[in-house]
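This report describes one part of a protein model. Please keep the sequence and the 3D view open while reading.

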Amino acid sequence: KAREKEGWQLTKTNQVLVVSSSLREYFLHQHRIYAGKFSVIPNAIDPEKGKVDSQEVAAIKAKFGLEGKTVIGWVGSIQPWHGVETLISSFAVVAKQRADIALLVVGSGETIATMQKIAAESGVADRIHFTGSVPHAAVFAHIAAMDITVLPDTKWYCSPIKIFEYGLLGKAIVATHHAAVLDVMVPDQDGLIIEPGAERLQAAMLQLIADPALRQRLGNHWQEKVLRMHTWEANAKRVCELYEFAQTSFAR
């Protein structure tokens, strides 16, 4: 009955806004609705959040001993579908080849104790740092302390906000291949987009660790695109345009 109600609601609308093309495809498959009714409006970011205090960033680096290290980082809710275990295990392999790197995991969640146990048994526990829960306003200073940011996994229908947060701070990104990622990011221009798997993640991290110029180029390109196309203001303008179009079409 819930699915029938969902189908009825979608059928009766003039426009349906979804955050990812994968969610659009799901609705099309489930309800056989005209594809032109759907518009993909991914999540976005408020540019004001990118203004961070350099002293706060320095304090974070000092707290976790990150000075002089290439910092790989992740932010979010530590849940089974976010791939944090893959990130930690992959980092452990890379860290045994590179003594100059550290991992910063920002956030908490239902599997944090398991992730901490995996880190403790990794052989490089002294270079894996968990912040626990931090206020959202402080997340951006933590991202600023990173050099390489990672999206190891996400749910199939999501538009992961963390890639916009990473981009706002101009950070190089390694992201696993998902429709929602490809909705907004161009591989090898906006970041390194990889197929799922620890070996591919390890290779991408090693590539970015060894190439600061590539990190800078990818981070700058994605940052420019985020500021131009993926702000909440840009989203609001797009929604208003779609609303006006729907009104005009319905009037006809």
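The sections below cover the sheet, one of its strands and a helix.

## Basis of the description

This is a predicted model: local features need pLDDT of at least 70, side-chain atom pairs count only at pLDDT 80 or more, and totals for chains, interfaces and linings use all residues. Residues are numbered from 1 along each chain as its sequence is written, and side-chain values use heavy atoms, with hydrogens and water left out.

Helices (H or I, at least four residues) and strands (E, at least two) are DSSP runs, numbered from the N terminus.

## The sheet

Six strands make an open, parallel sheet in the order β5-β4-β3-β6-β7-β8. Two strands pair if DSSP finds at least two bridges between them. At the edges are β5 (128-130) and β8, each of which pairs on one side only. From one strand to the next the twist averages 20 degrees; angles run from 0 to 180 degrees between N-to-C directions, and axes are lines fitted to C-alpha atoms, for helices over the stretch in contact.

Strand β3 (residues 70-75) pairs with β6 in the parallel sense over two bridges, and glycine 73 stands opposite threonine 149 in β6.

## Strand β7

In strand β7 (residues 172-176), five of five residues are buried (under 20% relative accessible area with a 1.4 Å probe, protein chains only). In a regular strand, side chains alternate between the two faces of the sheet. Here Ala172, Val174 and Thr176 are buried on one side, and Ile173 and Ala175 on the other.

β7 is joined to strand β6 (residues 148-151) by four bridges in the parallel sense, with threonine 149 opposite isoleucine 173. Between β6 and β7 the chain passes through helix α7 (residues 161-168) in a right-handed β-α-β crossover (with the strands pointing away from the viewer, the path from the first strand over the helix to the second runs clockwise). Three bridges join β7 to strand β8 (residues 192-194), also parallel, and threonine 176 has isoleucine 194 as its bridge partner.

## Helix α7

Helix α7 lies across β3, β6 and β7 and runs at about 145 degrees to β3.

The axes of α7 and helix α10 (residues 212-229) come within 8 Å and cross at roughly 110 degrees, which means that α7 is roughly perpendicular to α10 (65 to 115 degrees). Ile163, Phe164, Gly167 and Leu168 of α7 make the contact with Trp222, Gln223, Val226 and Leu227 of α10, where contact means heavy atoms within 4.5 Å.

Methods
Buried < 20%, exposed > 50% of the residue type's maximum accessible area, 1.4 Å probe, protein only. Parallel < 35°, antiparallel > 145°, perpendicular 65-115°, else oblique.
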